[in-house]
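Okay, thanks for coming, everyone.

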Amino acid sequence: MKFIKNVSNHLSLVKVVPAFYMLFFALMTTIPAFTKGMFKLNYDGQFHLARFQSIYEALAHGQLPPLVNLIGLSQHGLAVNGMYPWLTGLIFVIPKFLTSNYLHALFLGFILLNLVTMASCYFLLKAIISKKWVRFLGVALYQFNAYHLSLMYSRVSLGEALAYAFLPIVLLGCLKIWKNAPFGWAYLGLGMGLIANTHVLSLLLAVIMLCLFEIVRAFKRELKLVELSALLKAGIAAILVAFYSLTNIFRLSAANSMINPSGPWLTIKPEALWTALLNNTINEDPLSFNMGPLPTALVLILDVS
């Protein structure tokens, strides 16, 4: 109850101005993708819309989504809903209950996704930065960088985009644990649980990131028993939050022979990367994949400092 009250106090601190510019930013980054009443789809986009449709139809009939998805994907019957966590994808499913127009529902889903992304980033920055204009700049950078926009509107990798939205909650939990603040384990557990309910590869990367953080702190002799206890509680909380999704994955993996997908490995070309970086290009091109000029510059500055 104290944790819920703590979260509600945080939410009550969201004043009119931050809420307004977050909504404005969400509209700015969503409307251009739906110009002329269309939305650009690639294979990943079709994959996600097919699984969202399967989830919507099951919930509309008062049932949990089947683990095997027979909608889209050439109707082969793939275990998409079972192996690809879908709970946080309700951000895109719920608008379907509000409108029969699929394009309008997708638009509302992106608005919600962008609002969640900026809100989680704002709470993280609020915990470490007192100057409001710096928070504003940080939220804008997190929202408008090329990597984020390419996830949503070029690659249409909605699983990664949702995990991107919850990553600041993980970092907020880490900071609270390191400062021995109350309920740091709950924030970390919630963030990791949300990512586990979203995208398995992002969960793996988040776990690796946390391990590296703690290894560095151990070498600096900053790792204490109370911190390990908080991390353990966060891990238990994350497992409980993601229990349904993780159970489906483990159950299907244990009952079937899993075959890893194979295909050509494409490496980034430095000249293509440099050109795309300077042009702030977010085309779906694996040869020039980049985070965008501002995040790249920020990473370089932080590494040097």
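Before anything else, when I say helix I mean a DSSP run of H or I with at least four residues, a strand is a run of E with at least two, and both are numbered from the N terminus. Residues are numbered from 1 along each chain as its sequence is written, and side-chain values use heavy atoms, with hydrogens and water left out. Keep in mind that this is a predicted model, where local features need pLDDT of at least 70, side-chain atom pairs count only at pLDDT 80 or more, and totals for chains, interfaces and linings use all residues.

So, the overview. We've got 15 helices and zero strands. Of the 305 residues, 41% are buried, where buried means under 20% relative accessible area, exposed means over 50%, and partly exposed is in between, with a 1.4 Å probe and protein chains only. For contacts I'm using heavy atoms within 4.5 Å. Take contacts between residues at least 6 apart in sequence, and 66% of them join residues at least 24 apart.

Let's start with the loop between helix 9 and helix 10, which is where F183 lies. Its phi is near 65°, a positive value in a residue other than glycine. Most residues other than glycine have a negative phi. F183 is partly exposed, at 23% relative accessible area. There's another positive phi at R221, about 60°, and that residue is not a glycine either. R221 is in the loop between helix 11 (200–219) and helix 12 (225–241), and with 79% relative accessibility it counts as exposed.

Now helix 10 itself, residues 184–196. It has 13 residues and reaches 18 Å from its first C-alpha to its last, close to the expected 18 Å; that expected span is 1.5 Å times one less than the number of residues. How many of its 13 residues are buried? Eleven, so to speak mostly covered. Among them are G184, Y187, L188, M192 and A196.

In soluble globular proteins, nonpolar side chains tend to be buried together. If you zoom in on M192, you'll find it touching V170, L203, A206, V207, L210 and A238, not counting residues up to four places away in sequence.

Next, how helices pack. The axes of helix 6 (residues 102–128) and helix 9 come within 9 Å and cross at roughly 20°. Axes here are lines fitted to C-alpha atoms, for helices over the stretch in contact, and angles run from 0 to 180 degrees between N-to-C directions. That makes helix 6 roughly parallel to helix 9; the cut-offs are under 35 degrees for roughly parallel, over 145 for roughly antiparallel, 65 to 115 for roughly perpendicular, and oblique for the rest. On the helix 6 side the contact includes F110, L113 and F123, and on the helix 9 side it includes L158, F166 and L175.

Compare that with helix 7 (residues 132–144) and helix 8 (residues 146–154), whose axes come within 5 Å and cross at roughly 40°. That makes helix 7 oblique to helix 8. Y142, Q143 and F144 of helix 7 meet A146, H148 and L149 of helix 8.

Last bit, a few single residues. A105 lies in helix 6 and is buried, at 1% relative accessible area. Leaving aside neighbours within four places in sequence, A105 is in contact with P95, K96 and T99. Its C-alpha is 8.0 Å from that of V93, twelve residues away along the chain. V93 sits in helix 5 (residues 90–93) and counts as buried at 0%.

Beyond residues up to four places away, S245 touches P85, L87, A196 and N197.
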